[in-house]
Amino acid sequence: MAEIAGDETPPLPSSSGAGEFSIYSSPPSPTAPAGDKPPPRAAKPGTKRLVLTVSVFLSFLVGLPFLMKSTKIHRSPLPSDAIADLSHRLHSHPPSFPSGIHAVFLRSGRGSTVSSLADQLEWAISTQPHGLPASSTAGSISVSVTVQSGGSCSSRSTIASPWRCGSVTTADWVRGDEVFDELLHSALGGGGCGDGMKIYTIVIVETDDEKETRVVIGKHRHAWVVGKVDEAEAVSLIGKVLIKYFMNGGIEEGETGIGKGEFMPVGSDGNIVLSFSLLNADPSDWVYDWDFENIGERMLNPVVEALRPIADINVESQVLYHTPKSSYSHSDDKLGGNVLSMGDIPFFVNSNEWHLDTSLSATGRSKVLQFVVYVPSARECPLYLQLPDGELSKTNAFISPMWGGVVIWNPPGCSLDSKKMSGTHTKMSPQELMETLEIFIGQLRQLFGLKPNYHAQCMDVATKFLVSEKGFAQWELDLLYRHHACSNLLSCLATLESLSSLVQSLPRMIVMDEIGRQVELSLDAARLAQRNATLGIRDSSAVSATRARALAEDAFFHPSISSISYASVEHYFAIYMPFFAPVSLHVLLAAIKELKRYKVERAKYLAFLASQATAL
């Protein structure tokens, strides 16, 4: 008898006689036609194997959602629509700051009416904007005119000027420019409409005592013209001072400066470290020290406070030894010293010996500006910097854009016949240190895109500029605030657009909730900066723009982005397929095979039941 495999039960013996037909009397012929029905079976097929196989297959299917959940990438939604809206607003309506010009005529006799002067001034200003660069952030300009003559005072104004008639007279200018500057500052109350639009005041002092007309640019938001000038000339001078200096910072056509390229040496996090170093080239000759903690920081504190809306500035100092320069100088008996040409400047800084980058305050993406006082050795002392025209530099100093500046300081009594003073320790005098720091402040102004001074400026009349103890006049700070706000807004937008494009291009990229919050806060700060710019609030706009850029940079350089390499979906499947494909394939094939077997055995059983029913 043939053996029975699996869970098939042996057939029961037939109850009929020997001559009765039995399906078990003889096995089916192996040569039976393929179309014959399968032989029946008397017992119902078991389902244990089928249930077990299907259970294993279903366990894989049930575990699939858990696998997808465990490998799911968390992506905080980024406000792409808000970023696109910011881009549209910045490109269609670039930030511009409205300003006001208030012309005050202090005269002793009669002249044109206020309305006539206002009309002339508006026309003069409307013909001047061609002097502004294309990247100028100056917005609309409102005009106000006041004529003060004797005991009368009349005004025509579209802005709320704080000028108080009679607070300043034609007799006050003889007290000196510094005193007159402070009188105007007191009379104008700071030169602004509260916390809104800033007003620039230009006073025309008509007098016969002054031999020639001269212009004085004050430390605040005002200037004055002294002399016997007619109204047409006065109106022309007012327009030139407003556009050339108050709006453009005195930058001439073709000059590099603020608003022309990268001009802000500020870190992307809004921080700057001013590192001051005193370098003794050869301590075996002489050693110099300085009292920077007392004198230096006292002089620099006003500068730091003035630039606070632009950047958070930290100041540090150090004294280094054995710091020779890299370039060579040659002796010149006519000039009485060793000469360093302009072509040698790029090789002056010795990065191998000058260990300047020792700042503890520079963290993250802060910018470090190096300001170096170089004390030459005895064999190269005195050391002079020669300009291209053959003249010696008056400051004996130079700057390196986005790096800092160097002052070559020759010790007192230094000459070609200087001899070594081994073991001599000397401290720079307070006066020498203050003069050196004044040069550094001028270099800082250049690094920010302003002129170190305006001595070479010419406006067809004698022009004088009062120097602020802060290193920057208030109208210069307004200029810096405006350009810094616009520059940071554009940088913020570029960073956010890059981040959005990066996230969209990498579907498997993790985007933490913190990144989403930083993007939202950056957009809020950018909107606030735009709103303040529309109102003419320069310092607040600069602060908000700095925060917007810093948050955008923090989001783009978030550690969760930088530390992970993101791959495509194909790479994701390539990782898991070698493990799951072989196992899943075997389970699936086993389930299909067992299901087919069960169907065949069930067909046999149904055939048996049918035969039994027919026999009865």
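This report describes a helix pair, a surface patch and a salt bridge in a predicted model.

Local features require pLDDT of at least 70 and side-chain atom pairs count only at pLDDT 80 or more, whereas totals for chains, interfaces and linings use all residues. Residues are numbered from 1 along each chain as its sequence is written, and side-chain values use heavy atoms, without hydrogens and water.

Helices are DSSP runs of H or I with at least four residues, numbered from the N terminus. The helices named below are as follows.

| Helix | Residues |
|---|---|
| H1 | 48-70 |
| H6 | 292-306 |
| H7 | 430-447 |
| H12 | 569-615 |

The axes of H6 and H7 come within 10 Å and cross at roughly 35°; axes are lines fitted to C-alpha atoms over the stretch in contact, with angles from 0 to 180 degrees between N-to-C directions. In the contact (heavy atoms within 4.5 Å), H6 contributes residues including Phe292, Met299 and Val303, and H7 residues including Leu433, Glu438 and Leu444. The residues of this contact comprise 11 nonpolar, 1 polar and 1 charged.

Arg49 forms a salt bridge with Glu594, with 3.1 Å between the closest N and O atoms; the term denotes a side-chain nitrogen of Lys or Arg within 4 Å of a carboxyl oxygen of Asp or Glu. Because Arg49 lies in helix H1 and Glu594 in helix H12, the pair ties together parts 545 residues apart in sequence. By this rule, the salt bridges number 16.

Phe60 is also located in helix H1.

Terms used:
Helices (H or I, at least four residues) and strands (E, at least two) are DSSP runs, numbered from the N terminus. Ala, Val, Leu, Ile, Met, Phe, Trp, Tyr, Cys and Pro count as nonpolar, Asp, Glu, Lys and Arg as charged, and the others, Gly among them, as polar.
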